[in-house]
Structures are given as structure tokens and as C-alpha cells.
Amino acid sequence: MINIAIQILIWAVGIIAVVTVNALALVYLERKVSAHIQCRLGPMQVGFHGLLQTVADAVKLVSKEQIIPKNADKVLFILAPILAFFPVIVLFVVMPFAPNLICRDLNIGVLYVFSFASLEVIAIFMAGWSSNNKYSLLGAMRSVAQVVSYEVPLLLAVLAVVLVIGSLKMSEVVQYQHKIWMIFLQPAAFLIFMMGGLADTNRSPFDIPEAESELIAGFHTEYSGMRFALFFLSEYSNVFLVSCIATALFLGGWYGPFVNGIHWFVIKVYALVFVMMWVRWTLPRLRPDQLMNFCWKILTPIAILNLLVTGVVLKLVH
Amino acid sequence: MFKNIKEIFTGAWSILVGMFITFKWMLKRPVTIQYPKQPTRPSPVHKGRIRFVIFPATGTHDCIACLKCQNICPSDCFEIKGDKPAEGGKKRPNFFTYNFSNCSLCSLCIEACPTKTLEHSPEFNLASENKDDYFYNFLNDVEERKKKVDATVNR
């Protein structure tokens, strides 16, 4: 009993530490990648090549005043950032970092991941609704429409993968790929998953919920201080988590040339994160109607077709 | 149907081309510099404040205190007094101030100067908290610059 309690405590502290440090690293990486793509230098002043810049930003955000607008719905306004951050920590529970490094290897791991990931949209809508601000509400409405739509092709793509593997357990999903990675069996599903992941995390080119040029900051326009930092933290952790899930489902998790282990998982995850940043600083933002057309007219039919073909091929093989 | 599928593929190809271009630019040297730490040079056509030309032949300016610059200046920047030297020869200025805070850098004085002894300086970081810093005494200024030139030559 004591053993289990200590284990849970260590995992909880470890997960929170990973989430925070990782978000700081990703913000720094994002700023550097964007700077070098635009032929700039990026942060250079705080620490060696600006390495401590995000730490300084975090200190600034923590020490700032937390403003609650006069006509805001206070309970929802305070709860929204907490609810946005909650799924991030919960999702780390089933991430298969290495053969012996899974907090809880649930039988329904994949289902668990996507059910908690869809909680994010409720937090975003709470934030947008409670702020009592037209920009927040518009951003939140767009976000709900976008995330709910893009979950359809995303889950259909994951369904094809689960169909091939025949298990929802994260460790079995990874172990299935020790010979051949799932990306070579299901390339279309991987592409659909990454596009859906970009849309689910509200990142460019699907970042209309926070489109800076028209909505200021979208759903978190009214937030300041630590509450804003929580939204920021959950946004970057979501990027990390989508890359983690893609690595586990498609890129063979901890398997790689030479020695298998957590280092291959981390390398693959950061490569995917870099690709997501690279896409962000290359492509312009889509219009809302283009976004919906792209989801319902292109991605969903392809995902259904992919699922159909997978099913037929599996039936023929067995 | 066929047209739509073709459109999807051309669109995907254009995305790949765009990604390749941004990756290529990411590997290039940044064009920006860390300005106050790293020194920089202004453009060769930069128009800074007005100053005297130091002619290499004579080692000094060639102002004859004709007051043409003072007369043509639309903002009344110059205050010049000059006399003929006792030993004879050209008239020379003995008082020459220039007010940079009024100057609109229109270059009319440079065009009007008969001896071509006025020019724009390449200096660019001239900001100051003190209004008096913008009154330049050209005769002192020329002496200081001559010293600097001597120092670099002798070194």
C-alpha cells in the first residue's frame, strides 16, 4: 500500500516537472525556429543564446496581477484554465515512454487518451464564454466548431490503426511495431492524424480560434498572469502530447536502430514537434469556411476510405 | 471528381515546396545583428548632421565665411561670423555654430556652398537628453576630428 502511494507520488511529481520544463523548452524552441526561418536571431540576451528567456518570461507571468473582468462569470473564468491544464497531466499517465516507463498501462489506453483530449474544448469554451468579450466568444465558438469537426477524421485514422493492431493497450500498440513501423502500413492515417492533431491543438495553419490579426488572442484575450500562463502551458504541452501519441501509434515508440529505449522516443517526439513548428512558420492561416471544407470534404472521406480499405485487406489476409 | 483529386495533389506539392523554401532560409545566416553590442555602419547615402569637409590637400576645411549657407537655410540653423586675417588672404570664419535640432537635413547649404566644404556626416547615433548637445561649433569640431585623424595616421 505504502509502495503504491510512493509510486503515485513520484509519478505525479515527475509528470508535473516534465510538463513544466518541456513547455519552457518548447517555447524557446518555437521562438528560435521562427526567428531563424525569418532570418532573425531570436532571444539572445538572457543566458547563453537566450536559453533563460522563457524562465524570465515565466517569472514575469507569475508575478503579474490576475485581472478578472467586471462582467465576467467569475466561477467559470477561474475554473477554465484549471480545466484546460487538467487533461494535459492526465494524458501523461498512459504515455509509453519506454518498456518499463508507463505510469498505468490501461487496457483502454488509446480510448482514454482521446476521451480526455476532447475535454480541452470544454475548457476553451468556458474561457471564451465567461470572459464576456466578443473576441473571446468568437474565438471559442470557432474553436468548438473546429475541434469537434477535426476529431472525426482523427479518430477514424486512429481506428484504422487500432484495427490493424487489435488492441487499445498503449504498450501492445508499440510492441506491435517492433518489426515495421505503423507509418509504413498506414501512411494516409498518419497524415490525417497529424493534420487533425494540428487542428486539435489550435496551431497554424488551423489557428483561427486565436487568429491574432482578427481576434487579438481568441479565447484567452481577457486572461492575465498565471491563468494566461496555464493556457500557454497547456497549449505547448498539447503539442508535445500530440507528438507523443503520433510517435506511439505510428513511429514505433521506443523502437529504433541500435539500442531501443526512451532516447528514441524523445528524439522522434522532438522531430515531430519541430515539424509542427516548421509548418506553423511556413503556411498562412486558413479561412473558417476553407477549414470546414477541408475537414468534411477532403479529410473525412479519405479517412473513411482508408478505414474501408484497411478492413477489406485485413479480412483478406486473415 | 478527377479535377478535385488533381487539385489536392497540386496543393500538397505546393505545401512541400513551401516547406523546402522555409527550411532553406532557416539554414542561412540571420540578417539582423545584436545592435548595441555589435557595431554597425550606416548606408553610404546616409544623411546625418552637417559638418565641415577636411580636405586632404590642406588638412583643414575651406570655409570663406560667405554666409551663403546662413542665407539659404530655411530653418535658420547657422550663426557665422568671419573676418579677413591680419596677414591678408581669404576671409575666414572665427565663429561658426550649427543647430541640429532645427535642421531638416534638406541639403540646401551643401548645394549652396561655393567651396564645397559642407557635407553630411555618417554619424547616426546622435540622440541626447540635453538640448545644448545639438549646437555644434564647427571650428572646435574640425580641430577634434583632425586630432582623431592624426591619431589613426600615427598609429
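Just after helix H5 of chain A, A:Asn132 takes a positive phi of about 55°. Helices are DSSP runs of H or I with at least four residues, numbered from the N terminus. The structure is a predicted model, in which local features need pLDDT of at least 70, side-chain atom pairs count only at pLDDT 80 or more, and totals for chains, interfaces and linings use all residues. Residues are numbered from 1 along each chain as its sequence is written, and side-chain values use heavy atoms, with hydrogens and water left out.

Helix H5 of chain A (residues 120-130) is largely enclosed by the rest of the structure, because eight of its eleven residues are buried (under 20% relative accessible area, 1.4 Å probe, protein chains only). Among them are A:Val121, A:Ile124 and A:Met126. The cover over the buried residues of H5(A) includes these helices of chain A:

| Helix of chain A | Residues |
|---|---|
| H3 | 74-91 |
| H4 | 109-117 |
| H6 | 134-165 |
| H11 | 225-250 |

Chain B and chain A each bring 15 residues to their contact, meaning heavy atoms within 4.5 Å. The buried area between the two chains is about 1400 Å², and carbon and sulfur atoms give 73% of it; this area is the accessible area (1.4 Å probe) lost on being put together, summed over both parts. B:Met19, B:Met26 and B:Gln34 supply 39% of what chain B buries against chain A, more than any other three residues. The side of chain B that touches chain A has nine nonpolar, four polar and two charged residues, where Ala, Val, Leu, Ile, Met, Phe, Trp, Tyr, Cys and Pro count as nonpolar, Asp, Glu, Lys and Arg as charged, and the others, Gly among them, as polar.

Methods:
Chains are lettered from A and ligands numbered from 1 in the order in which they are written. Buried means under 20% relative accessible area, exposed over 50%, partly exposed in between (1.4 Å probe, protein chains only). Helices (H or I, at least four residues) and strands (E, at least two) are DSSP runs, numbered from the N terminus.
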